[in-house]
Amino acid sequence: MRTVGFDYDGVLANSRSAAWNAAERILASFGMVASIDSSDAMEAAFGHAAQNALVGVEYAGALRMMHRLQMRHHARDFELFEDAIAVVAKIGVPRILVTAALADGVVTRLGSATRLFDEIVGFESGRKPDLLAQRAGKLGVYVTDAVSDIETCKALALPVIACTWGTYDNPKMLAAARPDAVANNAAELISAINYFVH
């Protein structure tokens, strides 16, 4: 039986604004004032190039870890996408959650919904592309909201569904990355999952 993989941020949890706020707080600690209110603004102020310019390539990873820690600290504040959680509960196949976030923060926020997953794995165990590669053989499809995940899945020949409701990347960017399916709501997500795993 094929397993369905789920991303967390943007698919199951509405954490986009929290991610922007966390980046603003980190930048403020360096004396920089930034107003981040869109994915483009986030990329400009706190994307890889901006991080490299701020602290140098050798320390940019530390900034990203600071961001993950900020997100973990505020995990209880995230709104869950209840329709998406309901989809996880309804599908009759194994489910795993693979995230670039710290998994312990995800578990904290999911609470009782943690039981819906056979495995929850995050940055504590490695980089997300590596985590997906390690599990690609048993996954029937991966559900995400990120262009980078779509690209990773395509390189692994792993079918990928792009969700549009909480995406960090705008829907046009997702479509341009050519996922195998796009889901704009829970009904479309269930239909797409069923296509790939049944």
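**Figure 1. The buried side of helix α7.** In α7 (128-135), the buried residues are K128, L131, L132 and R135. These residues sit on the same side of α7 because they cover an arc of only 95° around the axis. The arc here is that of the directions from the helix axis to the C-beta atoms. "Buried" stands for under 20% relative accessible area, "exposed" for over 50%, and "partly exposed" for what lies in between (1.4 Å probe, protein chains only). What do the buried residues of α7 pack against? They pack against β4, β5, β6 (139-144) and α8. Contact, here and below, means heavy atoms within 4.5 Å. Helices (H or I, at least four residues) and strands (E, at least two) are DSSP runs, numbered from the N terminus.

A word on the model behind these views: it is a predicted one, where local features need pLDDT of at least 70 and side-chain atom pairs count only at pLDDT 80 or more, while totals for chains, interfaces and linings use all residues. Residues are numbered from 1 along each chain as its sequence is written, and side-chain values use heavy atoms, with hydrogens and water left out.

Figure 2. A103, G105, V106 and L110 are the buried residues of α6. They lie on the same side of α6, since they cover an arc of only 155° around the axis. Their packing partners are α4, β3 (79-80), α5 (82-90), β4 (95-98) and β5 (119-121). Just after α6 comes G111, with a positive phi of about 55°. This glycine belongs to the loop between α6 and β5. G111 is partly exposed, because its relative accessible area is 37%. For a sense of distance, look for V197: G111 and V197 are 86 residues apart along the chain, and 27 Å separates their C-alpha atoms.

**Figure 3. A84 in helix α5.** Follow helix α5 and you'll find A84 there. Is A84 buried or exposed? A84 is buried, with a relative accessible area of 4%. Leaving aside residues up to four places away in sequence, A84 touches V11, L12 and W165. I96 is twelve residues from A84 along the chain, and their C-alpha atoms are 14 Å apart.

**Figure 4. The largest pocket.** The space in the largest pocket comes to about 1,300 Å³. Its lining has 40 residues, and those closest to the pocket's centre are H48, R68, A100, S148 and Y168. Helices α1 (16-29), α2 (39-46), α3 (48-55), α4 (57-73), α6 (103-110), α7 and α8 (147-155) each give two or more residues to the lining. By class, 18 lining residues are nonpolar, nine are polar and 13 are charged. Ala, Val, Leu, Ile, Met, Phe, Trp, Tyr, Cys and Pro count as nonpolar, Asp, Glu, Lys and Arg as charged, and the others, Gly among them, as polar. A pocket is found on a 1 Å grid over the protein atoms alone, as an open set of points where a 1.4 Å probe fits, with protein on both sides within 12 Å along at least five of seven lines; lining residues have an atom within 4 Å of a point. Grid points are joined across faces, edges and corners, and the volume is the space filled by probe spheres set on the points.

**Figure 5. S148, one of the residues closest to the pocket's centre.** S148 has its place in helix α8. At 44% relative accessible area, S148 is partly exposed. S148 and V4 are 144 residues apart in sequence, with 18 Å between their C-alpha atoms.

**Figure 6. Two cysteines without a disulfide.** How many disulfides does a search of the whole structure find? The search finds zero disulfides, where a disulfide is a pair of cysteine sulfur atoms within 2.5 Å. For C153, the closest cysteine sulfur is that of C163, 12 Å away, so the two are too far apart for a bond. C153 is buried, at 0% relative accessibility. C163 is buried too, with a relative accessible area of 0%.

**Figure 7. Two loop residues with positive phi.** Most residues other than glycine have a negative phi. A157 is not a glycine, yet its phi is positive, at about 55°. Look for A157 in the loop between α8 and β7 (160-163). A157 is exposed, at 68% relative accessibility. R178, also not a glycine, has a positive phi of about 60°. R178 lies in the loop between α9 (171-176) and β8 (181-183), and with a relative accessible area of 62% this arginine is exposed.
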